Amino acid sequence: MREDIKATVKNILTAYLELNEHRKTPERFTILDAVYSMDGHFSLEELSDKLTGDYNFPVSRATLYNTLRLLMKLRLVVRHNFQSATKYEACYDNNSHCHQICTICGQVTEVKSPQVSEAINAMRTHRFHKDGFTLYVYGVCSSCNAKLRRRSATRKRDEESSKKSNH
């Protein structure tokens with residue numbers, strides 16, 4: 001399946017470059033392949049590390065930015081501005097989804113929600129064609145919630161022992 005998607009996005013990029021008389025550079029196609037080889041969200045640094053490590057194909061930061069901008073224009077990549085960092089994601093086969101974002105640790109988890117998809121699809125728009133969505137749901141993850149409860153319990157015990165020692 002992944003190879004089918006890679007072939008499709010490569011054809012989309014090729015068609016765009018040919019139609020607009022842009023050069024078909026190895027950098028663009030290698031970056032596209034690396035993006036579609038990554039799982040989930042990735043930073044610019046993680047993409048650069050993958051290109052250098054797995055592909056033995058280091059590219060400049062400017063080339064990465066420019067190529068990602070092109071891939072976003074073609075809706076092959078989406079950029080997320082999460083609390084802690086800017087992340088990118090291959091999106092050709094996954095346009096519509098939700099993200100849970102912990103406001104304490106910044107952890108991001110993808111969530112599938114058929115109810116949200118149905119609501120978006122049923123939503124009436126005026127002179128606008130919907131072709132995907134991303135929803136951000138902010139809150140506190142279970143790990144941070146457990147830490148907060150432990151900290152609160154410890155603070156309460158300390159206050160009670162302090163009261164007892166003052167009497």
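## Where α1 meets α2

In this predicted model, Lys 6, Val 9, Lys 10, Leu 13, Thr 14 and Leu 17 of α1 are in contact with Arg 28, Phe 29, Leu 32 and Asp 33 of α2, contact meaning heavy atoms within 4.5 Å. Helices here are DSSP runs of H or I with at least four residues, strands are runs of E with at least two, and both are numbered from the N terminus. Sorted by class, the residues of this contact are 5 nonpolar, 1 polar and 4 charged. Ala, Val, Leu, Ile, Met, Phe, Trp, Tyr, Cys and Pro count as nonpolar, Asp, Glu, Lys and Arg as charged, and the others, Gly among them, as polar.

The axes of α1 and α2 come within 10 Å and cross at roughly 150°; α1 and α2 are therefore roughly antiparallel. Axes are lines fitted to C-alpha atoms, for helices over the stretch in contact, with angles from 0 to 180 degrees between N-to-C directions. Angles under 35 degrees count as roughly parallel, over 145 as roughly antiparallel, 65 to 115 as roughly perpendicular and the rest as oblique. The crossing of α1 with α2 is right-handed, the term for a near helix turned clockwise from the far one by less than a right angle, with anticlockwise giving left-handed.

## Two partners for α4

Helix α2 (residues 26-35) also packs on helix α4 (residues 61-73), where the axes come within 10 Å at a crossing angle of roughly 70°. The pair is therefore roughly perpendicular. From α2, the contact uses Glu 27, Arg 28, Ile 31, Leu 32 and Val 35, and from α4 it uses Thr 63, Leu 64, Thr 67, Leu 68, Leu 70 and Leu 71. This contact has 7 nonpolar, 2 polar and 2 charged residues.

Helix α3 (residues 44-53) packs against α4 at about 110°, with the axes 11 Å apart, which makes α3 roughly perpendicular to α4. Their crossing is right-handed. Leu 44, Glu 45, Leu 47, Ser 48 and Leu 51 of α3 meet Arg 61, Leu 64, Tyr 65 and Leu 68 of α4, giving 6 nonpolar, 1 polar and 2 charged residues.

## Met 72

Let's stay with α4 a moment, as Met 72 belongs to this helix. Leaving aside residues up to four places away in sequence, Met 72 touches Val 77, Arg 79 and Tyr 88. Between Met 72 and Cys 91 there are 9.2 Å, C-alpha to C-alpha, and the two are 19 residues apart in sequence.

## The largest pocket

The largest pocket holds about 180 Å³ of space, a volume being the space filled by probe spheres set on grid points joined across faces, edges and corners. On a 1 Å grid over the protein atoms alone, with a 1.4 Å probe, a pocket is an open set of points with protein on both sides within 12 Å along at least five of seven lines, and lining residues have an atom within 4 Å of a point.

Its lining has 12 residues, with Arg 2, Met 38, Gly 40, Ala 90 and Asp 93 nearest the centre. Both α1 (2-19) and β2 (86-90) give two or more residues to this lining, whose classes are 5 nonpolar, 2 polar and 5 charged.

## Notes on the model

Residues are numbered from 1 along each chain as its sequence is written, and side-chain values use heavy atoms, without hydrogens and water. Because the model is predicted, local features need pLDDT of at least 70 and side-chain atom pairs count only at pLDDT 80 or more, while totals for chains, interfaces and linings use all residues.
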